[in-house]
Amino acid sequence: MDKSSALEYINQMFPTEASLSGVEPLMQKIHGEIRRVDASILSAVRQQSNSGTKAKEDLADATRAVEELSYKIQEIKSKAEQSETMVQEICRDIKKLDFAKKNITTTITALHRLTMLVSAVEQLQVMASKRQYKEAAAQLEAVSQLCNHFEAYRDVPKITELRQKLNNIKQILKSHVFSDFSSLGTGKETEETNLLQHLSDCCLVVDALESSVREEVVNNFCSRELTSYEQIFEGAELARLDKTERRYAWIKRRIRTNEEIWKIFPASWHVPYRLCIQFCKKTRKQVESILVNMKEKPEVAALLQALQSTVEFEKELENKFGGDAPTRDIGDDIEEIGTWENSSQNVSKIRKKYEKKFAAGQESGENETTGNKDLSVPGAGFNFRGIISSCFEPHLTPYIELEEKTLMEHLEKVVQEETWDIEYGSQNNVLHSSTQLFTDIKKSLKRCSVLSKNQTLFNLFKVFQRVLKAYATKLFLKLPKGGTGIVAAATGMDGQIKVSDRDERVICHIVNSSEYCHKTCGELAEKVSEIIDPHYVDVVDMSEVQDEFSAVITRSLVTLVLGIETKFDTEMAAMTRVPWGTLDSVGDQSGYVNGINTILSGSIPVLGNLLTPVYFQFFLDKLASSLGPRFYANIFRCKQLSEAGAQQMLLDTQAMKTILLEIPSLARQTSTAASYSKFVSREMSRAEALLKVILSPIDSVADTYRALFPEGTPMEFQRILELKGLKKADQQSILDDFNKHGPGFTQATVSAAMPQPVPTPPALPLAITNPATAAGFIANSEDVLTRAAALGRGAATTGFKKFIALTEAAKDRKDGPLRRLFNA
């Protein structure tokens, strides 16, 4: 305890003077504790001293005990060595006798077996000479086992002699067997009643011989059986493609006729199976030679007939002997391509499909249990499919050409017979030609999938691509065409397209049919990928065809928008003819607004009913993005606006906005109403803002324009002043004030940008023919650009995309060749 701790302890024990009376008792207590600790220390020291002496004594005792134990171990080890020496002396004679007994027993056994081997070989020789095959087979098995016992003594002369004699006997048996089997199939089996039994015994001997003998016997038999086949079908009369089916009839008849005779062969030999394999290889070679040596292209009918019979024969062999994998009926899967049924019909079809599969699975299981398929065949994985038919692959070009010609002719026919109209209430609103085209394609696919799943099927798939692209082109050409002008020249799109109510329905049907074809093309590619050989799966792709139909959809919707807009031309022209400058009061909405409302009320319900929500939303967005800027630009085409005229036009603008906002409910498609409403409000707000600038007082018109149009131009502002009816002198002062406070515009810029008087340019399809001023014509040019850009988003043509990029760049630049072109 340090000094500070001691002081704290004392102050804690004696905090006051009165507590000092307890010092004496505390001191006594401390002294008593010290005495007790001293006594404990003394006792511990004494105890430790006694423990050290005891430990030394115990250590000495342990050392003595270890020494005694070591001595006893040495003594035991010495006695054990003496005992071992004694036992070896006793057993030395016994071990010699044991070895002698073992050698004598081995010798007796060997001599006994040698006697048996000599006797067995002699008996086997007699049996072989007498052709007693059944007994020889059993004897040969016994001799083989005895020979295995003498494998370690093969260098002994006697054993070598016996083994050589056995090999000679085997050669004799082999030659006898081949000689006897040569009589099979010559007709002797009907004359000699015991010949079949005799040959059955031969098979026992063959099994007892080496496995190579059995292979040689089977191969010789198959070759002998097929010799007559080669002679018959190599002749000029039957070596023809149209006689192919007779080849398969020959082998099936041969198997059926000799079925009872061939039962002499053990089932494990699989003679019919091996015979069919050799038949297929020989047939493939002959058919391939016929196809290669044909001087002219084969007739498609004969070619397909030969291939069909070949495929059917391969399936029969596969069902009879088993194959690499069970075949799957793909007909139902192909029929599912492009189906548009309601849910109850789908449920019914799915139920029937799986009931059929379940029944087929049960039937397959019963066939396997009853042994209809010999799956125990060695190498049962041998695939009969394609073993012959694959040689037809390089020669099926005429078939593919015929399929393409047939599909193209059917396409022309269904397009010519197409009414381009669909009955009211139809479920899918798809043209009959679309569904009929895919029906023809599915039939063609089913035909080809039966014949080939390799290069031919892939070539047919490419035919499908060409046919579908041709159909997309026909749909594209069916779209209404229109006028010409800057939009048409620069983009490849028609600036003005006049469409009737029927044309609008046809366009909608083309959109729906293109969507159906786009979807079904993907399903077709998936089914072909499932059917075709795996090597071709990566190149089975319908993306290019789908892009063609996507382009048709885009062009159709843009055409629809242009057609509706063309209907607005009369009303837009009527808007510019209204005497806005002389109006002295505000009334109901103008007649041109009612005309636009009538046009939309007549077209929108039909379009909403025919188009899907996605494409109807696309149509609405394009219509709003085109009509809003067009209405804005049309205001500049009007002449002077009085205050009442501007208020009337503002009322018309709000009415137009209301009409556009009610389009989704008019079409009964309100799922996209929220996003569409924001789009319309944004597009129409510019026109409302422009009219608010026109209605503003003269002294604040510049500030109002600057606030509502932060990116406004002096030319547009000058046109607004003209619409307000200001004279040139009054305009100049306001323009000077605007240019001083404007965002980065100077008087020099304005003067340089102002066009000089030039002859009136040719009329543009989207512009008014008599612009009041050069600024007004600039507004018309910007209207063309805005309208083209609005209609062009999503267009599929490259030229249109380039044009949109140029116009967007021109909007952001104050000069440049494209801006000067439209400002000229």
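Helices here are DSSP runs of H or I with at least four residues, numbered from the N terminus. The tour runs through a predicted model, in which local features need pLDDT of at least 70 and side-chain atom pairs count only at pLDDT 80 or more, while totals for chains, interfaces and linings use all residues. Residues are numbered from 1 along each chain as its sequence is written, and side-chain values use heavy atoms, with hydrogens and water left out.

Begin by selecting H509, which sits in helix α17 (residues 501-531). H509 counts as buried because its relative accessibility is 2%, where buried means under 20% relative accessible area, exposed over 50%, and partly exposed in between, with a 1.4 Å probe and protein chains only. Leaving aside residues up to four places away in sequence, show W420, D421, I422, N429, L431 and L610, which H509 touches; contact means heavy atoms within 4.5 Å.

Then colour the largest nonpolar core, which has 124 residues, and in which F392, L468, L600 and F619 touch the most other members. Such a core is a set of buried Ala, Val, Leu, Ile, Met, Phe, Trp, Tyr and Cys residues joined through side-chain atoms within 4.5 Å. Helix α18 gives the largest share of this core, 13 residues. Centre on L468 and display its contacts, which include L437, F438, I441, C521, L524, M542, V545 and F549, not counting residues up to four places away in sequence. Apart from this core lies another, of 62 residues, with Y133, L209, L238 and F279 among them.

For the surface, select L20, V23, M27, I30 and I34, which make a nonpolar patch of about 400 Å². Within it, I30 belongs to helix α2 (residues 23-130) and, at 39% relative accessibility, counts as partly exposed.

Finally, colour by pLDDT, the predictor's confidence in each residue, from 0 to 100. The mean pLDDT of the protein is 77, and 78% of its residues reach 70 or more. Over residues 363-376 the pLDDT falls below 50, and this stretch has 14 contacts in the model beyond near neighbours in sequence. Residues 744-824 also stay under 50, with 113 contacts beyond four places in sequence.

Note on methods:
Helices (H or I, at least four residues) and strands (E, at least two) are DSSP runs, numbered from the N terminus. Patches are made of residues with over 30% relative accessible area and no salt bridge: like charges are joined within 9 Å, nonpolar side chains (Val, Leu, Ile, Met, Phe, Trp, Tyr) within 5 Å. Accessible areas come from the Shrake-Rupley method with a 1.4 Å probe; for residues, only the protein chains shown count as cover. A salt bridge is a side-chain nitrogen of Lys or Arg within 4 Å of a carboxyl oxygen of Asp or Glu.
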